[in-house]
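Subject: Handover of a structure

Dear colleague,

Please find below the structure that I am handing over to you. My findings follow directly after it.

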Amino acid sequence: MDGRQTDAKDILAILVSFASVSEVSNLDIAYYIEDYVKALGADCLRFPSTEGDKTNLLARFGPLLEGGVVLSGHMDVVPVEGQAWSSDPFRLIEREGRLYGRGSTDMKGFLAACMAASHLAATRNLRRPLYLAFSYDEEVGCMGVAPMVDYIVHQLPAIDCVIVGEPTQMRLVVAHKGANDWRTVITGKEAHSSMPHAGAHAIFAGANLISFLETV
């Protein structure tokens with residue numbers, strides 16, 4: 001692999017060529033990125049999985065001071081089996097101004113942009129740090145990133161902000177998707193079958209509630 005590529009599209013072509021689906025090791029792509037940014041002067045730290053076949057990568061340009069920015073992304077992609085690709089999913093193809101390849105958007109395109117921008121970081125006298133935080137197993141529930149997040153929060157000087165490069169239709173998103181969960185208990189009232197009007201059936205009430213919620 002050629003670590004001297006400086007154009008984001010050329011870097012992306014290399015990143016896409018790594019079949020870094022979540023069920024296999026990501027060490028090849030992680031080592032490529034590490035070698036690339038180390039050659040530009042970055043300080044790097046790995047956060048390997050328990051099995052040792054995967055790793056997160058944290059790279060820093062600039063001084064180890066408070067402030068600065070974390071550019072966050074993931075190296076893994078979803079599988080391609082059973083999908084009707086018209087070209088090799090692990091070979092970047094350009095058609096009508098669009099780039100096709102597994103992960104070209106989610107989210108190796110952002111990684112490539114970060115790596116291209118790191119050339120600028122390497123040539124500037126940065127007054128605050130720039131971090132690249134690239135994780136594994138995001139596509140299977142953000143399983144890999146926790147040790148790196150813990151390190152950033154508890155071991156590094158306070159960060160000003162984190163920019164996550166997930167695709168959002170080119171619009172800024174300032175909050176994470178959330179969910180609200182409720183536990184509903186429906187209590188009925190027993191009655192003899194000869195006097196159903198004197199009781200209340202909890203299952204019927206629950207079914208009516210579910211039907212109502214489906215229409216809201």
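A pocket is here an open set of points on a 1 Å grid over the protein atoms alone, with protein on both sides within 12 Å along at least five of seven lines, and its lining residues have an atom within 4 Å of a point. Please note that this is a predicted model.

The largest pocket

In these terms, 40 residues line the largest pocket, and Val164, Gly165, Glu166, Pro167 and Thr168 are those that lie nearest its centre. The elements that each give two or more residues to this lining are the strands E3 (69–74), E5 (98–100), E6 (130–135) and E7 (161–164), together with the helices H3 (108–123) and H4 (146–155). The space in the largest pocket comes to about 1,400 Å³. By residue class, its lining comprises 23 nonpolar, 12 polar and five charged residues.

Strand E7 also contains Val162. Apart from neighbours within four places in sequence, Val162 is in contact with Val70 and Ser72. Between Val162 and Thr6 there are 156 residues in sequence and 24 Å in space, taken from C-alpha to C-alpha.

Aromatic rings

There are three aromatic pairs in the structure. Ring pairs join Phe18, Tyr32 and Tyr36 into a cluster.

A charged side chain also meets a ring in this model: Arg95 lies over the face of Tyr100, at 4.2 Å from the ring centre.

The loop between H1 and H2

Which residues does Asn26 touch, not counting those up to four places away in sequence? They are Asp53, Lys54, Thr55, Met75 and Tyr136. Asn26 is located in the loop between H1 and H2. Its relative accessibility is 3%, and Asn26 is therefore classed as buried, the limit for that class being under 20%.

With kind regards

How values were computed. Residues are numbered from 1 along each chain as its sequence is written. This is a predicted model: local features need pLDDT of at least 70, side-chain atom pairs count only at pLDDT 80 or more; totals for chains, interfaces and linings use all residues. Side-chain values use heavy atoms; hydrogens and water are left out. Rings of Phe, Tyr and Trp (its six-membered ring) pair if their centres lie within 6.5 Å; planes under 30 degrees apart count as stacked, over 60 as edge-to-face and the rest as tilted. A charge sits over a ring if NZ of Lys or CZ of Arg is within 6 Å of the ring centre and within 35 degrees of the ring normal. Helices (H or I, at least four residues) and strands (E, at least two) are DSSP runs, numbered from the N terminus. Buried means under 20% relative accessible area, exposed over 50%, partly exposed in between (1.4 Å probe, protein chains only). Contact means heavy atoms within 4.5 Å. On a 1 Å grid over the protein atoms alone, a cavity is a set of points where a 1.4 Å probe fits but cannot get out, and a pocket is an open set with protein on both sides within 12 Å along at least five of seven lines; lining residues have an atom within 4 Å of a point. Grid points are joined across faces, edges and corners, and a volume is the space filled by probe spheres set on the points. Ala, Val, Leu, Ile, Met, Phe, Trp, Tyr, Cys and Pro count as nonpolar, Asp, Glu, Lys and Arg as charged, and the others, Gly among them, as polar.
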